[in-house]
Amino acid sequence: MFEGVYYLLDANCSHLCEGCFLESQRVYNPRDFETSINDITKLQTNGFKVKVTASNIVRYPNIEKILSLCEQNYVLADIFTVQQDIDILERLHDSGVEIAFITSSHSSNIKDRFSIEHASEAIKKAGLELAISYILSPQNKNEIHNMIAEAISVDADSIRFMRYLPTNLNQNDLNLSRQEERIIIKEIYNAQEGVPKEQLRIYIHGHFGTKFRPSKGPVCFAGEKIFFIGLDNIVYPCEFLSSPEFAIGTFQNGHIKLEKKLCGYENDECKLLQMYHNKKYIGRFIKN
Ligand code: SF4
């Protein structure tokens with residue numbers, strides 16, 4: 001499991017998918033390349049491992065240099081535009097990137113449905129491993145077998161079943177109930193048995209925690225061993241907990257100054273979901 005800092009490069013995006021975790025960051029300007037390189041280098045000098053993220057990371061200027069500095073071998077590619085970016089994907093491949101993740105339009109929180117074939121074709125053509133993420137919600141929870149069939153049809157190497165994560169404590173109809181989670185996990189395990197790993201590797205993302213499956217160890221170190229630096233130079237526990245109320249510190253001149261710690265949560269379940277289910281987060285942060 002990665003322990004370190006996620007550094008946000010850019011949150012501009014025209015797609016405005018419902019429930020996007022970068023929503024609170026969209027109002028800020030992107031980082032310029034030199035600032036990013038300086039910040040990352042200082043963080044590394046201060047002992048942090050760094051990974052970068054952005055709304056359309058493939059198109060960030062000189063991204064291959066930043067990925068190489070971070071020793072990051074994957075990108076989260078933008079399914080809407082990736083088919084226009086074959087040259088960039090090839091450059092990324094040549095500079096050591098191995099895996100491109102895309103999120104399928106099977107996800108109910110993506111409003112427009114795009115053809116996954118073109119994006120997959122571009123990624124495979126560039127010589128990258130294709131990993132597809134499916135974000136499960138009550139609306140698409142019965143489509144697990146169709147999702148696996150889709151991934152096989154576009155020659156994906158692996159898929160990850162993620163779950164929709166709420167970005168605040170308000171009730172919403174994209175959030176899975178515990179009962180739905182339990183059924184989904186069972187169904188994914190059953191599906192895994194019918195698909196050889198050589199054909200497609202099927203994973204269940206840590207966001208599902210370990211309640212309904214054999215423990216694979218702790219899944220969440222948000223605000224303890226992992227941190228997220230927003231474009232506002234505020235430090236948050238993780239990229240999904242990046243609204244002002246979750247701020248735990250500041251980032252200045254390459255230094256992280258933590259003012260609070262996120263504590264009182266179990267590590268075997270997403271802390272954000274623990275807050276959501278308990279309907280509170282205020283007071284769960286303590287002063288450092
Ligand atoms: S709080 Fe949830 S989204 Fe954030 S790091 Fe933990 S598991 Fe991931």
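**Reading a predicted model: ligand, sheet and loop**

In this predicted model, domain 1 (1-72 + 218-288) and domain 2 (74-216) both give residues to the shell around the ligand, so the ligand lies between them.

Student: Which residues surround the ligand?

Tutor: The shell consists of Leu165, Gly206, His207, Val219, Cys220, Ala222, Cys238, Phe240, Leu241, Cys270, Lys271 and Leu272.

Student: What makes S1 and S2 a pair?

Tutor: Pairing needs at least two bridges found by DSSP. S1 and S2 have five bridges, in the parallel sense, so they count as a pair. At one of these positions, aspartate 10 has alanine 54 in S2 as its bridge partner.

Student: What makes S1 and S8 a pair?

Tutor: Strand S1 (residues 4-10) and strand S8 (residues 226-229) are joined by four bridges, again parallel. The cut-off is at least two, so these strands pair too. Tyrosine 6 is bridged to phenylalanine 228 in S8.

Student: What is the order of the strands in the open sheet?

Tutor: The six strands run S2-S1-S8-S9-S10-S11, with mixed pairing.

Student: Why do S2 and S11 stand at the edges?

Tutor: Strand S2 (50-54) and strand S11 (255-258) each have a single partner strand, so one side of each has no neighbour in the sheet. From one strand to the next, the twist averages 30°.

Student: Which helix lies across S1 and S2?

Tutor: Helix H1 (residues 33-45) does, running at about 175° to S1.

Student: Why is S1 called largely enclosed?

Tutor: A residue is buried if 20 or more other C-beta atoms lie within 10 Å of its own. Five of the seven residues of S1 are buried, so the strand is largely enclosed by the rest of the structure.

Student: Why is aspartate 232 called partly exposed?

Tutor: Aspartate 232 has 17 other C-beta atoms within 10 Å. Buried needs 20 or more and exposed needs 12 or fewer, so a count in between is called partly exposed.

Student: Where is aspartate 232 placed?

Tutor: Aspartate 232 sits in the loop between S8 and strand S9 (234-236). Its C-alpha atom is separated by 28 Å from that of histidine 205, 27 residues apart along the chain.

Methods: Residues numbered from 1 in each chain as written. Predicted model: local features only at pLDDT ≥ 70, side-chain atom pairs only at ≥ 80, totals over all residues. Helix = DSSP H or I, 4+ residues; strand = E, 2+ residues; numbered from the N terminus. Axes fitted to C-alpha atoms, helices over the stretch in contact; angles between N-to-C directions. Contact = placed C-beta atoms within 7 Å. Near = placed C-beta within 6 Å. Domains from an automatic or database assignment.
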